[in-house]
Amino acid sequence: MGSADSKLNFRKAVIQLTTKTQPVEATDDAFWDQFWADTATSVQDVFALVPAAEIRAVREESPSNLATLCYKAVEKLVQGAESGCHSEKEKQIVLNCSRLLTRVLPYIFEDPDWRGFFWSTVPGAGRGGGEDDDENARPLAESLLLAIADLLFCPDFTVQSHRRSTVDSAEDVHSLDSCEYIWEAGVGFAHSPQPNYIHDVNRMELLKLLLTCFSEAMYLPPAPDSGSTNPWVQFFCSTENRHALPLFTSLLNTVCAYDPVGYGIPYNHLLFSDYREPLVEEAAQVLIVTLDHDSATSASPTVDGTTTGTAMDDADPPGPENLFVNYLSRIHREEDFQFILKGIARLLSNPLLQTYLPNSTKKIQFHQELLVLFWKLCDFNKKFLFFVLKSSDVLDILVPTLYFLNDARADQSRVGLMHIGVFILLLLSGERNFGVRLNKPYSVRVPMDIPVFTGTHADLLIVVFHKIITSGHQRLQPLFDCLLTIVVNVSPYLKSLSMVAANKLLHLLEAFSTTWFLFSAAQNHHLVFFSWRPSTNIIQYQFDGNSNLVYAIIRKRSVFHQLANLPTDPPAIHKALQRRRRTAEPLSRTGSQEGASMEGSRPAAPAEPGTLKTSLVATPGIDKLTEKSQVSEDGTLRSLEPTSQQSSADGSPTAEEPGQAWREQRRLSSASASGQWSPTSEWVLSWKSKLPLQTIMRLLQVLVPQVEKICIDKGLTDESEILRFLQHGTLVGLLPVPHPILIRKYQANSGTAMWFRTYMWGVIYLRNVDPPVWYDTDVKLFEIQRV
């Protein structure tokens with residue numbers, strides 16, 4: 001039968017279904033088989049031939065027929081899984097049912113009255129098939145999920161058969177050990193099966209159905225108690241699924257082993273179409289959804305166990321019920337970590353390779369899913385996090401992350417990408433090793449729209465952050481605290497800033513400390529504390545190699561003097577606010593010599609008008625997102641929460657930071673009748689006294705007269721001479737005693753868990769356009785907006 005006839009027959013069946021007002025019996029096979037037995041329709045055909053309006057019409061007007069259609073389609077998948085799909089016809093039926101369910105499920109989920117349907121039992125569908133089995137019948141959802149899991153390890157359908165000859169009886173599906181059929185070499189599996197296009201396509205269709213099952217989460221509004229687990233994910237990742245381990249391993253290995261370059265031959269992808277990429281993308285999406293687990297509310301899955309002979313740690317405690325989270329948290333072998341890290345770094349760097357030889361490699365589009373996966377790995381498996389930071393391999397994650405942040409900074413539709421990039425760097429910056437690694441010289445010249453500089457990875461980080469803060473769009477302001485916290489966290493370890501980075505750092509302080517900016521919102525002064533501390537840390541811990549920063553501080557000394565003499569009387573406050581009306585934005589490029597951007601770079605572009613984006617829930621403030629910790633001599637951390645309230649002169653634990661102090665200041669400042677906030681003298685005094693001025697004022701006091709004297713004595717106007725003098729200078733014994741190193745370390749919290757859930761599903765919604773699985777359905781987790 002030709003493809004056109006096949007489509008026609010399928011369409012006829014759909015019309016019959018939508019026009020029948022009477023229920024059709026489940027036993028009427030002649031009717032139901034039209035949907036899957038005699039047709040060869042692609043998933044795109046199914047979406048075209050089953051319009052949304054018709055699915056909704058059947059749902060409203062003849063619900064029993066929709067219920068029977070779902071039940072019969074699941075029954076066919078269960079039969080296929082039982083029999084092992086040996087004939088071509090059985091394989092075709094399984095694929096057709098899979099496509100039909102992918103089409104229909106979102107319309108079941110969008111109607112609250114139908115949501116329980118898949119979790120109810122169907123009469124006569126008992127586990128043993130006998131008459132009296134109704135009591136222990138499985139809910140339809142469980143039967144569907146178990147069938148999908150079985151079908152993903154079905155010899156000659158989704159995996160290579162291990163049988164030598166066709167004479168052998170077919171492999172028995174029930175005795176098959178799916179761990180021998182893992183899809184790709186990597187974690188816990190050494191054998192890489194022969195690539196097989198058909199198997200990849202079949203896996204992809206089943207994974208798309210699985211993702212659609214999991215997508216019920218999209219139809220529930222974001223709840224503050226993110227403890228609500230997704231019942232589909234919960235069951236699929238439980239011990240009920242005998243394929244949980246091999247499937248987890250297959251998904252992880254398929255993603256991490258993927259090489260889009262194709263055997264290292266440039267332009268190779270133009271000769272061979274790459275059928276692996278859609279599978280890898282689907283695998284990455286299924287993987288991050290199964291790992292949606294709020295580590296703040298449950299026992300931490302991090303396990304420190306002894307090394308055993310298996311890929312997973314066998315140590316107690318058993319960890320979370322979700323086996324995928326459990327397995328992920330227990331990976332511990334160095335070679336497995338190396339494989340995962342190399343794989344993720346290779347894929348994240350892929351868009352950067354594009355810029356050397358345009359079109360030479362295939363450009364992948366799933367970097368957001370990879371960043372979520374990397375986040376989950378670091379969050380759930382502390383040994384992995386320490387492995388990442390153990391060598392300079394962490395820089396292979398840092399550079400692409402900074403590239404994405406810089407590239408997306410002007411694009412309103414990529415706010416989510418900006419957040420996840422910053423969250424990852426915040427998590428890494430809580431570890432001393434990250435700061436130390438940043439001292440490695442930066443020689444990779446990825447064309448980026450930033451000023452040219454010669455220096456280290458720390459310089460790159462500061463220059464990119466400066467660019468985001470001064471030339472990103474408005475919606476990035478909530479991230480400023482995070483960006484500056486990252487710089488504060490790494491600053492005690494930075495051995496030598498370049499002149500470009502030193503100037504950028506001081507330009508931020510200058511921008512945030514203008515009087516009108518300080519007085520124009522209740523929390524703006526926090527940015528001064530955050531942007532002041534890196535310079536203080538560097539001078540206290542790394543004075544010797546940082547003559548560029550010292551020189552920049554001397555040149556910009558007026559900024560520090562202005563802050564020390566900040567006016568606190570009402571007339572002066574009023575005058576500063578008046579000045580605001582006349583001056584430009586404080587964070588413009590003025591006052592920061594931009595210099596030419598790198599060769600070959602394109603400016604960061606705003607979103608094309610009309611670009612779709614999904615809304616995100618607000619992220620927690622920096623005081624919820626992080627906890628204050630003190631780094632002791634041996635590098636171990638001591639939490640300083642909840643904070644004690646003594647005050648100190650120079651940025652020690654209690655120097656002004658968000659939290660209680662914020663609430664206190666709101667009280668001190670006056671809110672006028674209109675609800676407009678306005679600064680008061682008491683309010684300014686309440687935080688001005690806590691500014692950590694001591695170290696830098698002392699440095700200026702000692703060095704400025706010396707530098708001025710040299711300039712006068714030698715008639716110097718040349719920077720290099722002054723720098724040479726500063727390089728050999730020392731302030732030993734002249735500076736205040738260094739305070740302990742203080743950082744703000746990321747802490748798991750349910751606010752972030754909820755943010756990740758909305759972000760991840762938003763990415764999945766927008767990226768699945770062919771077929772458009774969720775498009776135009778009534779999702780509740782986020783709003784779809786146009787830029």
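Colleague: What is the mean pLDDT of the protein chain?
Modeller: This is a predicted model, where local features need pLDDT of at least 70, side-chain atom pairs count only at pLDDT 80 or more, and totals for chains, interfaces and linings use all residues. Residues are numbered from 1 along each chain as its sequence is written, and side-chain values use heavy atoms, with hydrogens and water left out. The pLDDT is the predictor's confidence in each residue, from 0 to 100. In the protein chain, 83% of the residues reach 70 or more, and the mean pLDDT is 84.

Colleague: Over residues 124–133, how many contacts does the model have beyond near neighbours in sequence?
Modeller: A contact means heavy atoms within 4.5 Å. The pLDDT over residues 124–133 is below 50, and the contacts of this stretch beyond near neighbours in sequence number 13.

Colleague: Why is helix α13 described as largely enclosed by the rest of the structure?
Modeller: The buried residues of α13 pack against α9 (231–236), α10 (244–257), α12 (276–290) and α16. Among those buried are N326, S329 and R330. Helix α13 (residues 323–330) is largely enclosed because the buried residues in it are eight of the eight.

Colleague: Which residues are the closest to the centre of the largest pocket?
Modeller: On a 1 Å grid over the protein atoms alone, a pocket is an open set of points where a 1.4 Å probe fits, with protein on both sides within 12 Å along at least five of seven lines; lining residues have an atom within 4 Å of a point. The largest pocket has a volume of about 950 Å³, the space filled by probe spheres set on the points, which are joined across faces, edges and corners. Of the 41 residues that line the largest pocket, the closest to its centre are H367, D411, S413, R414 and L417.

Colleague: Which helix supplies the largest share of the lining of the largest pocket?
Modeller: Helices α16 (367–380), α18 (395–408) and α19 (415–429) are among the elements that each supply at least two residues of this lining. The largest share is five residues, and it comes from α34.

Technical notes. Helix = DSSP H or I, 4+ residues; strand = E, 2+ residues; numbered from the N terminus. Buried < 20%, exposed > 50% of the residue type's maximum accessible area, 1.4 Å probe, protein only.
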